Amino acid sequence: MSIDHCDVLCTTVSVLLWSLTGICYNLFFRKPCDFATMAVTDAESPHLGEITCGTLLQKLQEIWDEVGESDEERDKLLLQIEQECLDVYKRKVELAAKSRAELLQTLSDANAELSSLTTSLGEKSFVGIPDKSSGTIKEQLAAIAPALEQLWQQKEERVREFADVQSQIQKICGEIAGGLSNEVPIVDESDLSLKKLDDFHSQLQELQKEKSDRLQKVLEFVSTVHDLCAVLGLDFLSTVTEVHPSLDEETGVQSKSISNETLSRLAKTVLTLKDDKKQRLQKLQELATQLIDLWNLMDTPEEERELFDHVTCNISASVDEVTVPGALARDLIEQAEVEVDRLDQLKASRMKEIAFKKQSELEEIYARAHVEINPESARERILSLIDSGNVEPTELLADMDSQIAKAKEEAFSRKDILDRVEKWMSACEEESWLEDYNRDQNRYSASRGAHLNLKRAEKARILVSKIPAMVDTLVAKIRAWEEEHSMSFAYDGVPLLAMLDEYGMLRQEREEEKKRLREQKKVQEQPHIEQDSAFSTRPSPARPVSAKKPLGARANNGGANGTPNRRLSLNASQNGSRSIGKEAGRRETLNRPAAPTNYVAISKEEAASSPVSGAADQVPASP
């Protein structure tokens, strides 16, 4: 029952009660004579047209008088009227009491509802709530009505807020779960506090952040799939829509699926594409390596190689570095496979040429390393293997590649010793040149280029003085190498240690011969030479005219004094030793001193004094 209806009912009951109270009062507390008075009073009422209790009693008296009712009957009827009035009064009192009880119940319900609203809204204190003990029931109802109305409006607004935030949470949860629900969220109206609303808003913000993160991850996956499909030459749209139809480019960003299943399938797709990319890159790099090897074997021109630049450009690239669209397309790999097959067939027809080319490479490596081999027998073996057909071309080439690799390893292990041999040979050449230079009687003349020869001689003396240390170091290196490899170190087929031993013996012989010639020269020079023999024109037997040679003649003769040339051999060294022995014998027979074979130990002053000693030989002995 509404408050307005209660007000109307109360007002009507009050009016009726007051009317009945007046009537009953007149009936119960007035005497019969009073009825006549009431009738006279009512008759004198200015409102003659109105029907009142007095007019009715007057009318009833008139009827009774006309009928002739007795007083007993009249009293009986009056008592009956009084009883009926009493019953009416009782009913009205009961109705009034019932109305009051209903009003009290309404007030109690209003207070309970007010308490429930404040509790559900979380309002501990509300300004519009009146004092419960002040005023009548209607006044209390009238005072509490605005507060209830305001709380009801606040509750409806709060329910709408809860429904809105819960619907958003439900929608995002459905998107994450992978299924959209059309059910309206049920709002728990027992707790509509701001704290709970804030909790829902916090949950919504977390879900929105998770949705944003998931959407960003989905977009990253889609971008990765797009790049991989471009590199692999695959259809991006069909690939991505197989994961979920909403991932195509036409669908808006906010409408794309962000479910766990979508993310999982996208991750699997990306992983599959990356594995495919890795495998294709490995396959393409293998084909590119084969292409380059075949091109190098068959001397393929650059024009033909440029046709497959898109294949060979990624031969050393990593998986992440390959980003060019179509770089790993299947048709491109098939094209490279066809080219490799074609070159393999062409290689089989040109097998002899390729094998001889590899053999030449092997021989060149051994030649640079000064290792003596038998190329003729090797080429005959290659021809016999190819002609017999007992060996596959690929196996033969692989065997030759293995030999080339071993040759390179051996050449690398010999490199240090060979470099020292080159330095030793250069020093020996300078030693030979220095001997020829010292024998030249015109080396101090003012001829053109004489100063250059002087500078070279100075450098040559310094270099020649280092030869013994060079030889010792070289011998130590050779012995260490032989111990490591359990074989002799040969230089063009000749043991290098034997060469060095022979060189040492020859050097020692030259030193001994030099010492003997000096002693012989001192014996020939007599202190009692006559003064007039100083102007003798007899030629000196110690310096024959034919002994004069141009510079560099001994170096070009290839070891006439025991000096090794660029192509060493033990026989050449032995021949040099014999030639030195013959030359020394002739010098002893003629009893004429000659320039020493080696000037390593001769100082600069002794070398400069050679022309002077030669001039002294021309002075005849005194009688």
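## Close-up views of a predicted model

**View 1. Surroundings of Ala-457.** Ala-457 touches Trp-433, Leu-434 and Tyr-437, leaving aside residues up to four places away in sequence. Contact here means heavy atoms within 4.5 Å. Ala-457 sits in helix H15 (residues 450–465). Helices are DSSP runs of H or I with at least four residues, and strands are runs of E with at least two, numbered from the N terminus. Ala-457 is buried, at a relative accessible area of 1%. Buried means under 20% relative accessible area, exposed over 50%, and partly exposed in between (1.4 Å probe, protein chains only). Tyr-437 is 20 residues from Ala-457 along the chain, and their C-alpha atoms are separated by 7.7 Å.

The model is predicted: local features need pLDDT of at least 70, side-chain atom pairs count only at pLDDT 80 or more, and totals for chains, interfaces and linings use all residues. Residues are numbered from 1 along each chain as its sequence is written, and side-chain values use heavy atoms, with hydrogens and water left out.

**View 2. Packing of H13 and H14.** Helix H13 (residues 375–388) packs with helix H14 (residues 393–439) at an angle of about 160 degrees, and their axes are 12 Å apart. Axes are lines fitted to C-alpha atoms over the stretch in contact, with angles from 0 to 180 degrees between N-to-C directions. H13 is therefore roughly antiparallel to H14 (under 35 degrees is roughly parallel, over 145 roughly antiparallel, 65 to 115 roughly perpendicular, the rest oblique). From H13, Arg-381, Ile-382, Leu-385 and Ile-386 meet Leu-396, Asp-399, Met-400 and Gln-403 of H14.

**View 3. Two aromatic pairs.** The structure holds 5 aromatic pairs. Rings of Phe, Tyr and Trp (its six-membered ring) pair if their centres lie within 6.5 Å; planes under 30 degrees apart are stacked, over 60 edge-to-face, and the rest tilted. Phe-162 and Phe-200 pair edge-to-face, 5.7 Å centre to centre, with 85 degrees between the planes. Phe-162 lies in helix H5 (residues 137–177) and Phe-200 in helix H6, so the pair ties together parts 38 residues apart in sequence. Both Phe-162 and Phe-200 are buried. The ring centres of Trp-481 and Phe-489 are 4.9 Å apart and their planes are at 85 degrees, so this pair is edge-to-face. Both Trp-481 and Phe-489 are buried.

**View 4. The end of H8.** Asp-299 follows H8, and its phi is positive, near 55 degrees.
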